[in-house]
Amino acid sequence: MRLLVSDLTHRYEDLTVLDGIDLTLAEGEVLAVIGPSGCGKSTLLGIAGGIVAPTSGRVSVEGPLPDGCLNPITFIFQDFALLPWRSVEDNVALVLEHHPLPTAERRERIETGLRRMGLWEFRKALPKQLSGGMRQRVGIARALAVRPAMLLLDEPLSALDAQTRELLMDDFLDLWRREKTTALYVTHNLDEALRLADRVVVLSRRPGRIREIVTVEEPRDRRQAPSAQAHLAEVRERLWHLMKAEAQMADREIAHV
Ligand SMILES: Nc1ncnc2c1ncn2[C@@H]1O[C@H](COP(=O)(O)OP(=O)(O)OP(=O)(O)O)[C@@H](O)[C@H]1O
């Protein structure tokens, strides 16, 4: 599925948070969005997912849906958004509850998602019994159960420690190797953007405008190879330069109250 954003502006009362955003997300592309705190990244994601109505501009999606797609656009959140009183499998089942599916298919979707994320043997556990990494894997299994055409990820790894983040990045790589799901990935972390994204959008400080869109030329699967490091270091330097300038300016601004 493709996402087309044109001349998008968003205001919360008198606070303009996004201004003149034009963006195209190609089918199967992973686009990371970075920028200083408060520049409107989550708002952009909310607008793309249809949960925030933009003040002006156009957002549309195009293209075929995967077989068995129940919900074309699906979110994965930083805080996992699991129901604490439901078991792992019941948390995944939640997103299927309002769809009239045969029982066998419902079970198959839950099992496939849980096995994919290595959670099958933990299906009866409650979220509180799991590590942060495992909880986020439940969040991913739940997102996959609806066979989405597009994933909207809001800092999905930022609540996790560095080692767990590495493991989850491998899970995402595996996901995009197999499914090629289009994704918009908001992060503060340059390493995540460099590891996972095809292109990286750098937003300015608020109101968020597109400063630059940087392409990571190296294919995702080759980014750990020694031969990729020079290119990745160059892209990282470029992104850091852009981010630093915006973050410094944002830091010097008087807080909006
Ligand atoms: N529902 C809302 N009503 C009013 N103001 C809001 C609302 N949601 C967000 N804001 C404000 O809009 C601005 C942009 O918020 P948003 O969460 O989109 O930014 P962000 O770039 O994702 O921030 P962060 O990097 O800190 O997560 C912030 O100043 C925030 O306080």
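1. Axes here are lines fitted to C-alpha atoms, for helices over the stretch in contact, and the angles between N-to-C directions run from 0 to 180 degrees. On that basis, helix α3 (residues 103-116) and helix α4 pack with their axes 8 Å apart and at an angle of about 140°. This makes α3 oblique to α4, because an angle has to be over 145 degrees to count as roughly antiparallel. The crossing of α3 and α4 is right-handed. All of this refers to a predicted model.

2. The residues behind that packing are as follows. From α3 come Arg 109, Ile 110, Gly 113, Leu 114 and Arg 116, which meet Ala 141, Leu 144 and Ala 145 of α4. Sorted by class, the contact of α3 with α4 has five nonpolar residues, two charged residues and one polar residue.

3. The axes of α4 (residues 132-145) and α5 (residues 162-178) come within 10 Å and cross at roughly 25°. The two helices are therefore roughly parallel to each other, and the crossing of α4 and α5 is right-handed. On the α4 side the contact is made by Gly 132, Gly 133, Gln 136, Arg 137 and Ile 140, and on the α5 side by Thr 164, Leu 167, Leu 168 and Asp 171. By class, this contact has four polar, three nonpolar and two charged residues.

4. On the division of the chain: domain 1 is made of two segments, 2-64 and 150-251, while domain 2 covers 83-148. The C-alpha centres of the two domains lie 26 Å apart. In the contact between them, domain 1 takes part with ten residues and domain 2 with eight residues.

5. Which elements each supply at least two residues of the side of domain 1 that touches domain 2? They are β6 (150-154) and α5. The largest share of that side comes from α5, with four residues. By class, the side of domain 1 that touches domain 2 has seven nonpolar residues, two polar residues and one charged residue.

6. The ligand has a shell that includes Tyr 12, Leu 15 and Val 17. Of the elements, α1 gives the most, with three residues. By class, the shell around the ligand has six polar residues, four nonpolar residues and one charged residue.

7. Two backbone details are worth checking in the model. Glu 13 is not a glycine, yet its phi is positive, at about 50°. Glu 13 is found in the loop between β1 (2-12) and β2. The other detail is the peptide bond from Arg 206 to Pro 207, which is cis, with omega near -5°. Pro 207 is found in the loop between β8 (199-203) and β9 (210-215).

Conventions: Residues numbered from 1 in each chain as written. Predicted model: local features only at pLDDT ≥ 70, side-chain atom pairs only at ≥ 80, totals over all residues. Near = placed C-beta within 6 Å. Nonpolar A, V, L, I, M, F, W, Y, C, P; charged D, E, K, R; others polar. Parallel < 35°, antiparallel > 145°, perpendicular 65-115°, else oblique. Left-handed = near helix turned anticlockwise from the far one by under 90°. Contact = placed C-beta atoms within 7 Å. Domains from an automatic or database assignment.
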